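This report examines one protein structure, shown below. Please keep both the sequence and the structure in view while reading.

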Amino acid sequence: QVQLVESGGRLVQAGGSLRLSCAASGRTFSGYSMGWFRQAPGEEREFVAAINWSGGSTYYADSVKGRFTISRNNAKSRMYLQMNSLKPEDTAVYYCAAEPRNFGTSRLTTEQYEYDYWGQGTQVTVSS
């Protein structure tokens with residue numbers, strides 16, 4: 001299995017930028033597709049972005065497309081989420097997650113149940 005730890009969340013003004021990191025340990029990081037999800041207060045957790053095992057395929061929720069960029073560095077066992085042009089509605093706890101079944105493919109999933117491993121989350125607050 002793999003252990004995931006998110007970092008980088010903080011308070012930022014609207015229009016600002018943040019870079020979240022997800023550090024992985026345990027099994028080989030490159031064996032997993034990875035995703036970012038978020039949960040706002042009083043809301044269900046929702047998909048944000050996903051990246052396949054090699055980094056060659058990415059997918060974004062419509063709400064963040066063009067503003068957020070997901071990337072990974074397999075040599076460092078890390079995934080990132082660069083968030084630009086932040087809005088108050090981006091305020092949430094952000095989680096990284098690992099999905100083990102699509103190694104060697106370009107397939108990505110937005111479904112939470114397909115992700116086996118989750119971090120504890122990092123809080124992002126965007127003030128207006």
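## The open sheet

Two strands are said to pair if DSSP finds at least two bridges between them. The model discussed here is predicted. On that definition, 4 strands form an open sheet in the order β1-β3-β8-β7, and their pairing is antiparallel. The edges of the sheet are β1 (2–7) and β7 (68–73), each of which pairs on one side only. On average, neighbouring strands of this sheet are turned by 15 degrees against each other, direction ignored.

Within the sheet, strand β3 covers residues 18–26 and strand β8 covers residues 78–83. These two strands pair in the antiparallel sense over 6 bridges. Leu-18 has Met-83 in β8 standing opposite.

## The disulfide

How many disulfides does a search of the whole structure find? The search finds 1 disulfide. A disulfide is a covalent bond between the sulfur atoms of two cysteines. In this model, Cys-22 is joined to Cys-96, with a distance of 2.1 Å from S to S. The link of Cys-22 and Cys-96 is right-handed, with 60 degrees about the S-S bond. Cys-22 belongs to strand β3 and Cys-96 to strand β9 (residues 92–99), so the pair ties together parts that are 74 residues apart in sequence.

Are the two cysteines, Cys-22 and Cys-96, buried or exposed? Cys-22 is buried, and Cys-96 is buried as well.

## Two serines with positive phi

Ser-77 is not a glycine, yet its phi is positive, at about 55 degrees. This residue is found in the loop between β7 and β8. Ser-77 has a relative accessible area of 22%. Buried means under 20% and exposed over 50%, so Ser-77 counts as partly exposed.

Ser-85 also has a positive phi, near 50 degrees, in a residue other than glycine. Its place is the loop between β8 and β9. With a relative accessibility of 42%, Ser-85 is partly exposed.

Where does Asp-90 lie? Asp-90 lies in the loop between β8 and β9. The relative accessible area of Asp-90 is 1%, and the residue is therefore buried. Leaving aside residues up to four places away in sequence, Asp-90 touches Arg-38, Arg-67, Phe-68, Ser-85, Val-124 and Val-126. Ser-85, one of these contacts, is the residue described above with a positive phi.

The side chains of Asp-90 and Arg-38 are joined by a polar contact of 2.9 Å. The two side chains also meet in a salt bridge, at 2.9 Å from N to O. This pair links distant parts of the chain, 52 residues apart: Asp-90 is in the loop between β8 and β9, whereas Arg-38 is in strand β4 (residues 33–39). Both Asp-90 and Arg-38 are buried.

## Salt bridges across the structure

A search of the whole structure finds 6 salt bridges. Which residues are linked with Arg-38 and Asp-90 in a network of salt bridges? The network of salt bridges links Arg-38, Glu-46, Arg-67 and Asp-90. Arg-67 is also among the residues that Asp-90 touches.

Asp-62 and Lys-65 form a salt bridge in which the closest N and O atoms are 3.1 Å apart. Asp-62 is exposed, with a relative accessible area of 64%, whereas Lys-65, at 47% relative accessibility, is partly exposed.

Asp-116 forms a salt bridge with Arg-101, and here the closest N and O atoms are 3.0 Å apart. Both residues lie in the loop between β9 and β10 (117–118), so the pair ties together parts that are 15 residues apart in sequence. Asp-116 is partly exposed, with a relative accessible area of 33%, while Arg-101 counts as exposed at 52% relative accessibility.

Technical notes:
Residues are numbered from 1 along each chain as its sequence is written. This is a predicted model: local features need pLDDT of at least 70, side-chain atom pairs count only at pLDDT 80 or more; totals for chains, interfaces and linings use all residues. Side-chain values use heavy atoms; hydrogens and water are left out. Axes are lines fitted to C-alpha atoms, for helices over the stretch in contact, and angles run from 0 to 180 degrees between N-to-C directions. A disulfide is a pair of cysteine sulfur atoms within 2.5 Å. Buried means under 20% relative accessible area, exposed over 50%, partly exposed in between (1.4 Å probe, protein chains only). A polar contact is a pair of N or O atoms within 3.5 Å; within protein, one must be able to donate a hydrogen and the other to accept it, and residues adjacent in sequence count only if both atoms are side-chain atoms. Contact means heavy atoms within 4.5 Å. A salt bridge is a side-chain nitrogen of Lys or Arg within 4 Å of a carboxyl oxygen of Asp or Glu.
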